[in-house]
Structures are given as structure tokens and as C-alpha cells.
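Dear colleague,

I am handing over the structure below, and I would be grateful if you could read it alongside the notes that follow.

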Amino acid sequence: VGERLIAWQVNEGITKLPSVHPAALFHASMYQPGLLKFLVPAGNLPLALAMAREIEKQRITATELAAALPPSVSVTVPTAVDDRPFVVEATADGDAAKPILSMRLLVDGRTHMGEQGIQRFTNQQTASAKWNVSLGPGVHTITVLAETPLSKGQSRVARVKRDGVATNSRLFVLAVGVAEYPEGMKLQFSASDARHFTESLKKKAAPLFKDIETKIVLDKDATLKNIRGGLQWLNDKMTPEDVGLVFFSGHGGRSDDDRFYLIPVDVSDSMEASCLPGDEVRKRLEQMPGRLIAVLDACHSGSITDESAADEPVDATADDLVRDLLSDECGVVVLTSSLGSEYSLESSSVGFGYYTLGLVEGLERSGDLNHDGFIYINELARFAAARVIQLSKDSQHPTVGRSPQLRPFPIARP
């Protein structure tokens, strides 16, 4: 995600190190996609702003960086703990123009206690918060994120160690595959892809997890109600020590107001009434404890298969959902089958969607890239991406992303 790849450096005099602020921290005030398409033809920012306001009827404002700088956040945490709960304390300093709205604790890259763990404030220039935390054995990261109306500030990353022998986690997999859409939308292998991926993962992940539970929702069963039910099932199962994976293979689409949706089998003429909003997916996953992986194969071309298609424009991009899932607040590892400007291809010659084939081959044969006896999620994603590029003749490029606070972890044994 581009927001993580660019940053502003702010010098603070010769006695202090400069501060560096990733663009992602300014999303609330500076993310203006409606403005960008006018910037190149206009040639300058004032004219682009005027064009966007007149043509798009959007209320777009220009914000100076100095006026939107993130609040400073400090955190106090012990360096070593035992099996008893301990207290994390944090303070955030804003100002009159940027009061503190909320503070959240991130443990190992996920929001502690979900929505319940977020502490909210009303126009406080300085805010303090405390959380009671229990950790399992191992080394953990602790960070506090504070939000203002214009930006977000983040504390240093503290590392906390608890001695002891870590026990194996549990793995929960929700796999949704839809091929039997209404006429004109049918796919070939989405349902079988979901089943094959889940079966392969369950077999190869068994040595790593003390228990694996799966819920597979396919074709006629993949209604909006049942997909929501599957997400609720996952939420009810997960604890902070567990790993959860959501796999979706099917269509994605955008409504007239440019919102992204996952499309269930019972889609109607009204996307808003019959499909699952990307915003809802993000909110549901954000609330879940534990480590989460989302595998999205949701930009299928429909009637375009094999090596034919890839020339038609793609307007069902899941970029907004992917960016939200990767945010520090959400902390989900996201694997996507293609770039936002590409279709995800499936082929009768291999009997799979290209991306699922790459994932299954990585699990079954070649995903342990460094030959250490474990298949890490980033290794699996890298293998699958290389295989898809080969199969698609360089027309489909899968991606993987994760929060910087979330360390890579193994998902299977070769």
C-alpha cells in the first residue's frame, strides 16, 4: 500500500533527531482520491481543487502538513512479565486544533480487546489511558495509537518478554467459494478452489496447531446471511492465542457510490441490499482477537477465462478494503490474487483458479523457500505470486501485505 511507502521527515533542530511520519497516519485529512485525477491535467494544486469541487461536487480541502502533525504518544510498560496481568499506561499530547479523540493499545499488531479496548475522549488536548494485559510466553510488541481529527500518532514499539514454553495455537478457517452465480456471472472453479485450499491447508498445518477447525461455505449455501454467519462463527471461536484465516473466492463489485462489496450467491439488482460491504468485513475482522489472515480472490472476470481476458477494464478493485485491513488499527495479513487493475484468472487446463493453484502447490510442495522446515505466510504468498505470474504469462500479479507491527509467522510444514 502506497501510504506506507512514503513519509514526511520533520526536522526539530540540531539537538533532536528528526521525526518521520508515514503518509498512512494522515489518512483522515489527506487521502483525497477524488483530487488526484485532476492534478495532472490541471498542472497545479489550486486549479485541481477548483476542478474537483466543480466537476465532482466534492468538498475537498487542502491541509498543510504542519497543521496536521500527529500527536506525540508515550507508553510505559515493563520489559518482563509473568502469568499475572500487568498495566500498560500511555499519554497522548495534541492541541486545541487537534484534540485527542481516542487511544488504542496494539499488542502484536492487533487492537487489544477490539472495540471494547478503545478509550475515547471529548476534545482533550492531553489524554491518558490504562489497559490491563495478560500475555502468553514469548516476546511481544506493545504500541499505543492516538487519533485526532486530522492524523494519528504512534508511540515507540515496546517489547515485552514472558518466560515459559509457548503452547501451540489453534487454527480456524472460514472458506467461501461461489461459482454458481446467476447467469452472466458464473465462474468455473471458485467453489472447488475454496474446498481444495482448505483441505490442503488443514493437512499441512496439522503439525503446527493443536487443533484445526474449518467452516466451508460453497455455492448455493454462500448467501449473504450464511457468509455473515461464518464471520460470526470465526469471531466466537477466536482467542488472542489463535490464528484465523478467511478465504473468499468469487466476485467483488462496486456500487454507484463507489463502495466495494463481496458478492454472495443470492445477489440481486441492488448491490447495497444483497451484498457484503467491505466496510463490514473490516469492522468484523478488526474486532476479532488473535492473528488474522485474509485471502481475497475477489476480482474474477466472470466470462473471461483461460488466457483470453485481461484487456477489459477492471472496476471492482478491492484496494480500499485491502488498505483498511492492513492498517495499524486492523492488523490483518492480506493476500490478494491480483493487483487492483487486473483480473484473477481461472483455467480449465489446470482445473483451478491460478491463485489457488499457486497456494496449494506452495503448501503441498515448494512453499518452504528458505528450507527451514516451516512455511511462513509470507513465503507462501511469494511462491504463489511467482507461480501465478508464470501461469498467467505476466498478466496477473498477486500481492501480500501486513502491518509493520506484525511479525511473520509459520502457517504450515512442508
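What follows concerns the salt bridges.

Please bear in mind that this is a predicted model, in which local features need pLDDT of at least 70 and side-chain atom pairs count only at pLDDT 80 or more, while totals for chains, interfaces and linings use all residues. Residues are numbered from 1 along each chain as its sequence is written, and side-chain values use heavy atoms, with hydrogens and water left out.

The structure holds 22 salt bridges, the term being used for a side-chain nitrogen of Lys or Arg within 4 Å of a carboxyl oxygen of Asp or Glu. One of them joins Arg 259 and Asp 279, with an N to O distance of 3.5 Å. Because Arg 259 lies in the loop between strand 16 (252-254) and strand 17 (260-262) and Asp 279 in helix 7 (residues 278-287), this pair ties together parts that are 20 residues apart in sequence; helices (H or I, at least four residues) and strands (E, at least two) are DSSP runs, numbered from the N terminus.

Within helix 7, Arg 282 and Glu 286 are four residues apart, about one turn of the helix, and their closest N and O atoms are 2.8 Å apart in a salt bridge.

Finally, Arg 254, Asp 320, Arg 323 and Asp 324 are linked in a network of salt bridges.

Best regards
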